[in-house]
There are 2 protein chains.
Amino acid sequence: MSNTLFLQACRREPVTRTPVWIMRQAGRFLPEYREVRSTVDFLTLCKTPELAAKVTLQPVDILGVDAAIIFSDILVIPEAMGMPLIIEEGKGGPQFPTPLRTEAAVEALAVPDPDDKLRYVMDALRLVRKELGGRVPLIGFSGAPWTLASYMVEGHGSRNFRYIKEMMYNNPKLTHTLLDKLTRAVTLYLKAQIEAGAQAVQIFDTWGGILTIDAFREFSLPYIERIVREIAPTKTPVIVFAKDCAHSLEAIAATGCSVVGLDWSIDIDDARARIGAKVALQGNLDPTILYASPETIRREVRSILKKFGRGPGHIFNLGHGILPDIPVDHVKAFIQAVREESTQYHSS
Amino acid sequence: MSNTLFLQACRREPVTRTPVWIMRQAGRFLPEYREVRSTVDFLTLCKTPELAAKVTLQPVDILGVDAAIIFSDILVIPEAMGMPLIIEEGKGGPQFPTPLRTEAAVEALAVPDPDDKLRYVMDALRLVRKELGGRVPLIGFSGAPWTLASYMVEGHGSRNFRYIKEMMYNNPKLTHTLLDKLTRAVTLYLKAQIEAGAQAVQIFDTWGGILTIDAFREFSLPYIERIVREIAPTKTPVIVFAKDCAHSLEAIAATGCSVVGLDWSIDIDDARARIGAKVALQGNLDPTILYASPETIRREVRSILKKFGRGPGHIFNLGHGILPDIPVDHVKAFIQAVREESTQYHSS
């Protein structure tokens, strides 16, 4: 492989500069992505390996990021488990028209064989690996069980998460049954992705931060930990990104993952002091900084690099997914700034 | 005054039980509030002292909370500064049809005389004090400058806060000019509220948590601190509630405020260990717990009381405003649980 910076950084091995990729880098901010999307709907794009592979490769070619991440959506798992899913990108987010609210509905969910029901993801991964030809590593991903459960029970993104919270507080047993099932599904899914060519996997706990600390430690973290432990024998780096969960960095690092993703609500120097001896860190530029001028972007990149300081174990990224209306020039300026400014923090 | 528990707790004086009130307690979850609102629109309700006083008193009468908080909205200040405001409650939140985006617009903002432009708030406060007849203390409030600026520049609530972030990163000078003006307006406003009868005031920094720590310390906290310092000579307790800012509890406590409000993302025992020797703490039940059964509500109340432990300096509250579709019975069960379960943590 010609560029292994990302995988080296996952393992906290010395690198010549800090690798960088962008959450949701295969996405709407890229005109080339919008062109592909104009011909098919979002889910068809996910389910057509040739097209999914095409948009996965776009940011590698156009932006020069140090890793590809497979184009997909975290909600393909609940769909494969039996919940009809509607995704109209840009129109209020994904929807499950029949939200999961009863014991019978939880009972009815299947734990799918990923090589059957989610074969299109595996096919896309194989295709991307082939087309990448070793240029950069390929990342697979899944939603964390808690985040998937939140979407499934609410039926869509939410502000208050009334229904999943109600289920969790009033019927913890049912909630655990659901989370256990999701954990089995996610584990199989990620193992299949690794088998199909993913060289690292990221677990997104987008909604971990809506929980109290006690609830996060009971309803989210143990399930992430189970997944990480199950994947461990493959020696594939696992990145855990739990948004708004800076309160639990030590506990997240203790799951056995290789990398902890950081949102922008924490200083990366603080995070390094707390867990940097144990795991690599990924992050953590406020995604809205990319609206600012290239000069400002460079200043803020410099600030994060300086905070992290010398040595390996940092993968540069945003603190959350890139926003759809960010100018591509600003994204290029961001990547360029990381490439240029980071060399001084690594031994030549 | 017959019930001074709240004011005693603000000053960390011994009490017989933990006082409790609820953010947004004069609000839509109460049928009596909805009845008043069915006759007038939201802003008219704010601007009609008799009606504002009436809904302010409702939770005192119906729920038995230990403090009243004046019914109003944080956005009446920007309106008084010259920005037309539309509030259609329940329909996507407040709107400034002409968002603040230019230097000229910031320049054009007035620092209003609150006894003139916001006299209706002062009249309502005077009326409430009279009608309360000393039953419980009355709280005044304002948005923090950063939160007000965010609404004014975005034009409405936002997910990504693109415009205020862009202004902040690209034109920090203009952002500071705006924040300085807001700070002067808020200071005058809160002083006038105290003059009119508010016995404590709360500063809401609802959007402090969208900032990086560096940005919070530059664009939000110093302005809150200036306001607190200006109010200090009145000896009126100031509560600072900055949502999603657990990273800066020590800095918030150091502003000179009497009470720090906590959302539910932090354990109150941890907060007490960090800042409890200096300030009282207010919070911090996850507002969605009120969807759960009365038994669950009591269990979670008990858990927070136990975490805070013995002794004074705790005002029970939710970690954010109450949601509009919470059953009133659950709210009553919550208040009852705090009253009953908290006595054991105070000396008889």
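Trainee: What makes strand β4 (residues 238-242) and strand β5 (residues 259-261) of chain A a pair?

Mentor: The two strands run parallel and are joined by 3 bridges, and since a pair requires that DSSP finds at least two bridges between the strands, β4(A) and β5(A) qualify as a pair. Within this pairing, Ile239(A) has Val259(A) of β5(A) as its bridge partner. Helix α11 (residues 172-196) of chain A packs on the sheet, where it touches β2 (138-143) and β3 (200-205) of chain A, and its direction makes about 170 degrees with that of β2(A); touching here refers to contact, with C-beta atoms placed from the backbone and lying within 7 Å, and the angle is taken on a scale from 0 to 180 degrees between the N-to-C directions of axes fitted to C-alpha atoms, for helices over the stretch in contact.

Please keep in mind that this is a predicted model, in which local features need pLDDT of at least 70 and side-chain atom pairs count only at pLDDT 80 or more, while totals for chains, interfaces and linings use all residues. Residues are numbered from 1 along each chain as its sequence is written, and chains are lettered from A and ligands numbered from 1 in the order in which they are written.

Trainee: Why are β1 (68-69) and β7 (314-318) of chain A said to stand at the edges?

Mentor: The sheet is an open one of 7 strands with parallel pairing, in the order β1-β2-β3-β4-β5-β6-β7 (chain A). In that sheet, β1 and β7 of chain A each have a single partner strand, so one side of each is left without a neighbour.

Trainee: How do you know which residues face each other along β2(A)?

Mentor: The bridges tell us: β1(A) and β2(A) pair in the parallel sense over 2 bridges, and there Ala68(A) has Leu138(A) as its bridge partner. On the β3(A) side, the parallel pairing runs over 5 bridges, with Ile139(A) standing opposite Ala200(A).

Trainee: What makes β2(A) mostly covered?

Mentor: Of its 6 residues, 6 are buried, a residue being buried if 20 or more other C-beta atoms lie within 10 Å of its own, exposed if 12 or fewer do, and partly exposed in between, with the C-beta atoms placed from the backbone. Both faces are covered, with Leu138(A), Gly140(A) and Ser142(A) buried on one side and Ile139(A), Phe141(A) and Gly143(A) buried on the other.

Trainee: Why is strand β2 (residues 138-143) of chain B described as largely enclosed?

Mentor: Because 6 of the 6 residues of β2(B) are buried, the rest of the structure largely encloses this strand. Its parallel neighbours are β1 (residues 68-69) of chain B, joined to it by 2 bridges, and β3 (residues 200-205) of chain B, with which it pairs over 5 bridges. Ser142(B), for example, stands opposite Ile203(B) in β3(B).

Trainee: What joins strand β6 (residues 280-285) of chain B to its neighbours?

Mentor: Strand β5 (residues 259-261) of chain B pairs with β6(B) in the parallel sense over 3 bridges, Ala280(B) being the bridge partner of Val259(B).

Trainee: Why are helices α15 (residues 294-308) and α16 (residues 328-342) of chain A called oblique to each other?

Mentor: Their axes come within 9 Å and cross at roughly 40 degrees. Angles under 35 degrees count as roughly parallel, over 145 as roughly antiparallel, 65 to 115 as roughly perpendicular and the rest as oblique, and α15(A) and α16(A) are therefore oblique. Among the residues making the contact are Ile297(A) and Val301(A) of α15(A) and Phe334(A) and Ala337(A) of α16(A).

Trainee: Which residues have the most contacts inside the largest nonpolar core?

Mentor: They are Ile70(A) and Ile70(B), in a core of 252 residues; such a core is a set of buried Ala, Val, Leu, Ile, Met, Phe, Trp, Tyr and Cys residues joined through C-beta atoms within 7 Å. Leaving aside residues up to four places away in sequence, Ile70(B) touches residues including Val121(B), Leu125(B), Leu138(B) and Phe141(B).

Definitions and conventions
Two residues are in contact if their C-beta atoms, placed from the backbone, lie within 7 Å. Helices (H or I, at least four residues) and strands (E, at least two) are DSSP runs, numbered from the N terminus.
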